[in-house]
Amino acid sequence: ATEEIMMRLYAYPDFAGHQLEHARLVDQIDQVRAEFGKGHVQPTRSFSTALHHWFTEHIRTHDVALARFVQESGSDSP
């Protein structure tokens, strides 16, 4: 949520795409949580793949691009 607030404050041009990535991960976490609540305690392979994507690809691409954009926007706070 904090990252999304920052994207709005800085008028980040890829806000919608970045936010969609966050929403997809939250949906997957919610699905795993629901399965866990039903007694299915094993995470699915697709969830494992999603986490791997998140921690390798999302951060390395989306979050780095956001950080670069904010840095290039100058040191002035919005």
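I started with His58, which is buried, at a relative accessible area of 0%. My cut-offs for that: buried is under 20% relative accessible area, exposed is over 50%, and partly exposed is in between, with a 1.4 Å probe and protein chains only.

Ground rules before going on. This is a predicted model, so I keep to pLDDT of at least 70 for local features and 80 or more for side-chain atom pairs, while totals for chains, interfaces and linings use all residues. Residues are numbered from 1 along each chain as its sequence is written, and side-chain values use heavy atoms, with hydrogens and water left out.

**His58, continued.** I found His58 in helix H3, residues 45–72. Helices here are DSSP runs of H or I with at least four residues, strands are E runs of at least two, and both are numbered from the N terminus. What does His58 touch, not counting residues up to four places away in sequence? I get His18, Glu21, His22, His53 and Asp63. Contact means heavy atoms within 4.5 Å. I also checked His58 against Ala34: they are 24 residues apart in sequence, and their C-alpha atoms are 24 Å apart in space.

**Overall fold.** I count 3 helices and 0 strands, in the order α-α-α along the sequence. The radius of gyration is 15 Å, well over the 12 Å that the globule rule gives for 78 residues, so the chain is more spread out than a compact globule. That radius is taken over C-alpha atoms, and the rule is 2.2 Å times the number of residues to the power 0.38. Along the principal axes, the C-alpha atoms fill a box of roughly 50 × 20 × 15 Å. Of the 78 residues, 21% count as buried. Among contacts with a separation of 6 or more, 67% come from residues 24 or more positions apart.

**Core.** Which residues make up the largest nonpolar core? I list 6: Met7, Tyr10, Tyr12, Phe15, Leu66 and Val70. A nonpolar core is a set of buried Ala, Val, Leu, Ile, Met, Phe, Trp, Tyr and Cys residues joined through side-chain atoms within 4.5 Å. Leaving out residues up to four places away in sequence, Met7 touches Tyr12, Phe15, His18, His22 and Leu66.

**Leu25.** This residue, Leu25, is in helix H2 and counts as buried at 11% relative accessibility. Setting aside neighbours within four places in sequence, I see Leu25 in contact with Leu51 and Trp54. Leu25 and Phe47 are 22 residues apart along the chain, with 8.9 Å between their C-alpha atoms.

**Ala11.** Buried or exposed? Ala11 is exposed, with a relative accessible area of 57%. I placed Ala11 in the loop between helix H1 (2–9) and helix H2 (15–37). Ala11 has a positive phi of about 55°, although it is not a glycine.
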